[in-house]
Amino acid sequence: MVDVSKLRETAREIISREDVRELIGYRAGTYGFRARPAFVYDPGEVDQLIFNPACVNNLATYITLEEKLPVPRGQEPDLRKVAVMVKGCDSRALVQQMAENAYERDRILVIGIPCTGVVDMDKVQARFPDVLGPGEISLEGDKFVLIFDGRREEIPKEELLADKCKRCRFPTPLVYDVLLDEEVAPFATDDYSDVEALESRSQDEKWAYWEEKFSRCIRCYSCRNVCPMCYCNDCILDRLRPQWIRRSVDISENTAFHIARAYHLAGRCIQCGECQRVCPVEIPLMELNRKLYKDVEELYDFEPGVKVDAPPLLSSYRPDDPEDFIL
Amino acid sequence: MAAKKLSKEKVGEVLQELSKFRLITPVKSDDVVLFREIADPKEAFLEYGNSTVPPKKVVFPQTETLFRFTIGNPELREKNVEEEGTTVIFGLRPCDARAMSIVDKLFSWDYEDPYYLKRRELTTLVGMTCVQPPSINCFCTSLQGSPFGKDGLDVLLVDMGDHFLFQPLTEKGARMEETLASYLEDASPGDVERASSMEEEAKGKIVRSIDPQGIAEKLPSLWEDPLWKRVSDACLGCGICTFLCPTCHCFDMQDEVERGEGRRARMWDSCMFCEYTLHASGHNPRPTRKERTRNRISHKYSYYPKRFDVIACVGCGRCISLCPVNIDILEILEQVVEA
Amino acid sequence: MAEATQTDFQPNIVAFLCNWCSYAGADLAGTSRTQYPSNVRVIRVMCSGRVNPMFVVNALQEGADGVLVSGCHPGDCHYMQGNYYARRRFKLMRNFLEYLGIEPERVRMSWVSASEGAKWKEVIEEVVEGVKAVGPMNKFQRRQLNW
């Protein structure tokens with residue numbers, strides 16, 4: 001577990017530096033057990049920072065989400081660093097962003113958090129719907145300990161752990177300038193049994209499954225916006241000429257949208273699971289991303305978000321790539 | 001119009017009876033509750049808290065054809081909403097019904113929107129009370145609403161445990177009572193009094209609140225306040241808070257053409273999207289999420305009450321519960337009050 | 001009756017052919033007066049690497065029952081490597097569509113050189129047979145919506 005006083009002290013040092021503009025971390029949410037992103041600009045603000053298993057957000061998103069206004073004539077752009085707290089999975093987003101030359105390594109200052117797993121907030125909410133909070137979650141051994149309204153509840157880790165953490169192979173950040181705790185050894189493996197189970201069904205069964213899911217989509221684009229890898233200035237979904245995907249919400253456009261979203265992440269998705277977490281209508285988006293992830297690994301022996309100097313999958317090739325499907 | 005009693009065993013038969021209309025009820029799809037047109041009463045899922053997507057989409061569809069055209073032919077074929085027929089939304093919550101009565105003011109204001117208003121006219125709203133608040137983030141009682149609220153509803157079903165108290169509230173409600181007469185019994189005399197004490201009890205279970213007094217007047221003075229940057233720092237710019245809001249009603253127009261046949265359709269838009277109010281020149285008067293968040297709050301709590309005398313928020317709490325980064329409208333309003 | 005409809009079904013196939021090899025190959029089949037199924041509608045592009053995978057999705061939405069992307073043989077690309085990029089893209093897209101329940105017979109890729117008029121005929125025959133076997137596309141095409 002990360003020691004909060006050490007975290008705040010590190011943050012205080014970092015935000016006091018002249019070459020750091022802001023620090024992105026976590027703070028307590030407004031109700032229940034939630035935690036939320038915190039933006040710190042001043043050493044006086046570091047005491048709100050926390051880290052616990054409720055800190056689910058992938059803060060790497062904010063590096064590329066910034067909306068830059070044109071710099072007024074006569075003014076210099078603010079080139080100071082952005083400091084960001086990342087868990088193991090989140091750090092892979094930074095690696096992949098840098099592999100794609102989204103920004104230079106020295107633009108960011110990475111505070112790494114070795115992570116033992118975060119909760120699935122929906123599962124917490126379902127068990128304790130009436131907690132106004134603030135409630136605190138911590139991990140003790142193989143149990144999550146929830147403290148709220150003067151009560152203390154212990155729940156087996158397995159029951160509240162987020163699904164992505166059950167398959168996590170990178171609990172310790174792959175890139176960091178400061179590491180807040182001892183490295184955590186990988187504690188899980190991934191066998192893609194969920195993807196394989198779906199692959200083995202008939203075509204009509206698969207379509208029936210996805211048709212139901214896609215028909216629920218309201219196209220709020222939260223899956224795109226939360227994604228650290230979705231940072232195109234001119235997104236295919238917003239273009240009008242050509243309008244690749246229409247704005248109308250029906251099964252045809254929703255399907256095209258979900259194909260485009262997942263496919264644009266082929267060889268890029270780092271499995272932080274944020275898209276599926278935020279989806280208000282609970283479309284299992286990770287089952288789409290993971291299919292592509294699995295194929296990319298099997299066909300091209302490629303894993304995104306682990307090497308900063310890896311060439312992007314779809315703008316590289318090997319002469320002996322598989323071509324059994326070609327007539 | 002006297003209250004009647006509807007026993008819970010008869011709800012299935014009532015839904016069967018109502019399926020001669022276009023019948024829309026909450027439906028469970030995986031773990032998500034949505035409003036959908038149902039063919040079989042068994043699909044209805046009435047033991048729910050509140051739906052993820054509000055039933056506003058029934059009267060204000062997310063995508064709606066206004067007219068069709070053929071390339072090269074100046075004739076436009078307008079949508080006839082009448083063809084959709086009489087619609088019944090069964091089992092919606094009082095906050096969502098109240099939201100419709102708020103949005104009505106906009107669509108019947110300087111321009112009377114024929115599509116929306118016709119659909120409203122054809123739709124009967126049969127609401128169900130919230131005995132338990134559906135969410136920790138409910139705050140309807142701060143905004144003149146109530147878990148037993150009647151605004152916008154044609155019939156209110158008060159959940160009395162083993163039966164409903166059937167309260168017709170409007171002419172459409174009275175017609176509904178006639179339609180369902182054979183399933184209704186006379187209410188027992190104590191029920192009405194018991195309902196009002198239950199209402200007080202249900203109101204007491206709502207834990208979150210805001211005092212909206214003075215916010216509408218104060219918001220314009222905070223136009224350049226640094227609070228907008230701070231409250232929108234974490235915003236992702238997605239459409240969850242607006243698309244899932246029962247009172248948000250912004251829309252966009254699109255022409256879609258398919259091999260010479262086309263339609264003009266309107267579809268929901270969100271003020272949190274980066275293309276919202278983007279000009280053809282590339283200029284955007286709301287260039288960042290700061291301005292867009294300010295617009296969302298100001299529209300609900302300042303522009304709308306100034307024009308229509310009612311806050312365009314019903315306190316359903318969806319935007320709080322479903323926000324991926326826990327941006328909390330109550331916290332923003334508290335900061336507005338304190339600023 | 002249903003079976004009769006199945007055999008009567010004439011699929012619409014959209015084919016994206018590269019300018020330098022496959023289009024010339026199809027042209028050769030034509031000038032050689034080779035008979036092959038007329039279900040295919042050709043769109044000429046400069047290179048198979050120019051075919052955005054969303055073309056396939058949009059074609060299926062717009063009423064195609066199958067899509068073929070055809071380019072030069074590996075090593076022969078006029079632009080050196082366009083077909084290699086295309087090969088990765090369409091392998092992934094084809095697998096992905098299959099995962100959603102879109103039959104892989106609908107998304108095909110071939111290498112046809114400028115001299116392979118006879119191979120073009122074989123490719124088209126196989127594509128058309130494959131799509132006929134899985135029937136009309138009925139999953140996510142843009143329908144004439146009822147208002």
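Chain C and chain A bury about 4200 Å² between them, 64% of it on carbon and sulfur atoms (buried area is the accessible area, 1.4 Å probe, that two parts lose on being put together, summed over both). In chain C, Arg88(C), Leu92(C) and Tyr99(C) lose the most area to chain A, together 23% of what that side buries. This is a predicted model: local features need pLDDT of at least 70, side-chain atom pairs count only at pLDDT 80 or more, and totals for chains, interfaces and linings use all residues. Residues are numbered from 1 along each chain as its sequence is written, chains are lettered from A in the order in which they are written, and side-chain values use heavy atoms, without hydrogens and water.

**Interface**
- Contact (heavy atoms within 4.5 Å) links 43 residues of chain C with 47 residues of chain A.
- There are 5 salt bridges between chain C and chain A (a side-chain nitrogen of Lys or Arg within 4 Å of a carboxyl oxygen of Asp or Glu).
- One of the salt bridges pairs Asp204(A) with Lys139(C), with the closest N and O atoms 3.2 Å apart.

**Cis peptide bonds**
- Gly133(A) and Pro134(A) are joined by a cis bond, omega about 5°.
- Arg241(A) to Pro242(A) is also cis, with omega near -5°.
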